[in-house]
Amino acid sequence: PEGLYLLTSMALVAGVVRLAQKKTLVHDMGCIETLARVDVLCVDKTGTVTENKMAVEDVIPLCPDRFEEEDIRLIMADYVAAMRADNDTMAALRKYFTGKVTQQAIKAVPFTSAKKFGGVSFHEDETYLLGAPDVLLGERYGKYARQIDAYSSKGCRVLLLALYDGQPDDEELDAPLMPISLILLSNKIRAEAPETFRYFAKQGVAIKVISGDNAMAVSEVAKRAGIKGAESYVDARTLETDEDIAEAIEKYTVFGRVTPDQKRKFVRALKAGGHTVARHGDGVNDVLALKEADCSIAMASGSDAARTVSNLVLLDSNFASMPQVVKEGRRSINNLQRSASLFLQKTIYSIILGVLFIFLPASYPFEPIHLTFVSALTIGAPSFILALEPNSDRIRGNFLT
């Protein structure tokens, strides 16, 4: 069925062109088929469930007798001035803490997804750390757990500012640490997110929210966005082995405090479980998972690395366009399967005739020019029209059958 090669290429090219009209850039034409078969979609909280822009909600002093809110604002103004990082969190902090810079840093270590905190030293004996409260506090977290969990349950991202006796680049926080303040940040849920997630639920596509933020806070945001099973969450730091990850990825919907390497392991575990996995991400820390996924999707507003390794790039950075992308993939593959059956029927018919006339005392009834007309009129034209017909049904059954 030689025409099938041309038809497949033409149908996929037509799909790429239609996706481009819908502000979606296709890096790998084969991903159109993969996306049509996806049954698990892994997303991050920020930029997918919520808008990219964060805002500081409030500053909660923890030692008001030593550090009043004005003192905290002065410290944070110096802190954000020393940090060169240009992520969403730092942009929100810079916008809120706009005070005059009073001292210069001698050492600054940016926040990383692996460590979950960053730090700045202004003098040998004045170092401040800013990051996840449960990571910075360690065993002392229980003392502040009720207060922090109350803010997390409202969907806020909670950061802890602490005075530290060591160096900001310490791998282990074994020096004395004094909690100074909680800083509350929030993202608005994307207006179109609930409708988008309802579409995926109807189509039988499971959503997994994988984030570096506090699991409870992510769960609350996911519930408000209408993600099915969002109340089922787990802290990824409790998942120590690959067996733990494989069991948790089937059981839970929301994962918090996830490291970049764990994101990749989650995708591997899903693939090992027989799922076709699409991974959406926009940061450098998502690159490992994006490369591992069957189909990877990045936002145009994301990092260069994420856009480069992804199969699809949403040029308008709007996750709401994902249903249209899935529909396009299904149209291409469903129609190609129907069209391919025409080519295979013609081929089987030709084989049977060929075998019969080996044994029959007569010459083969067709000339090559006859077959050209038969192929063009009964196979070529109908299959091309079928390949472009609207069809967003789920892919079912076995192709050969």
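**Strands, cysteines and a surface patch in a predicted model**

Val43 has Val209 as its bridge partner in strand E9. Helices (H or I, at least four residues) and strands (E, at least two) are DSSP runs numbered from the N terminus. This is a predicted model, in which local features need pLDDT of at least 70 and side-chain atom pairs count only at pLDDT 80 or more, while totals for chains, interfaces and linings use all residues. Residues are numbered from 1 along each chain as its sequence is written, and side-chain values use heavy atoms, with hydrogens and water left out.

On confidence, pLDDT is the predictor's own score for each residue, from 0 to 100. The protein chain averages 86, with 97% of its residues at 70 or more. Where pLDDT is low, the predicted coordinates should not be read in detail.

Back to E9 and its neighbours. Two strands count as paired if DSSP finds at least two bridges between them. On that basis E9 pairs with strand E2 (residues 40-43) in the parallel sense, over 4 bridges. E9 also runs parallel to strand E11 (residues 254-256), with 2 bridges joining the two. Val209 turns up here too, standing opposite Val254 in E11. As for cover, 4 of the 5 residues of E9 are buried (under 20% relative accessible area; exposed is over 50%, partly exposed in between; 1.4 Å probe, protein chains only). E9 is therefore largely enclosed by the rest of the structure.

Strand E6 (residues 126-131) is another well-covered element: 6 of its 6 residues are buried, so the rest of the structure largely encloses it. In a regular strand the side chains alternate between the two faces of the sheet. In E6, Glu126, Tyr128 and Leu130 sit on one side and Thr127, Leu129 and Gly131 on the other, and all are buried, leaving both faces covered. Strand E5 (residues 117-123) pairs with E6 in the antiparallel sense over 6 bridges, and a hairpin links E5 to E6 through 2 residues. Within this pair, Val120 stands opposite Tyr128. E6 is also joined to strand E7 (residues 157-164), again antiparallel, by 5 bridges. There, Gly131 has Leu160 of E7 as its bridge partner.

A disulfide is a covalent bond between the sulfur atoms of two cysteines. With the cut-off set at a pair of cysteine sulfur atoms within 2.5 Å, the count comes to 0 disulfides. For Cys42, the closest cysteine sulfur is that of Cys295, at 12 Å, which is too far for a bond. Cys295 has its closest cysteine sulfur in Cys31, 4.7 Å away, and that is too far as well. Cys42 counts as buried, at 0% relative accessibility, and Cys295 counts as buried at 0% too.

Out on the surface, Leu344, Ile348, Ile352, Leu356 and Leu360 make up a nonpolar patch with about 430 Å² of accessible area together. Ile348 belongs to helix H13 (residues 322-359). The loop between strand E14 (312-314) and H13 holds Leu315, which is partly exposed, with a relative accessible area of 44%. Leu315 and Ser219 are 96 residues apart in sequence and 28 Å apart in space, C-alpha to C-alpha.

Patches are built from residues with over 30% relative accessible area and no salt bridge, joining like charges within 9 Å and nonpolar side chains (Val, Leu, Ile, Met, Phe, Trp, Tyr) within 5 Å. A salt bridge here is a side-chain nitrogen of Lys or Arg within 4 Å of a carboxyl oxygen of Asp or Glu. Accessible areas come from the Shrake-Rupley method with a 1.4 Å probe, and for residues only the protein chains shown count as cover.
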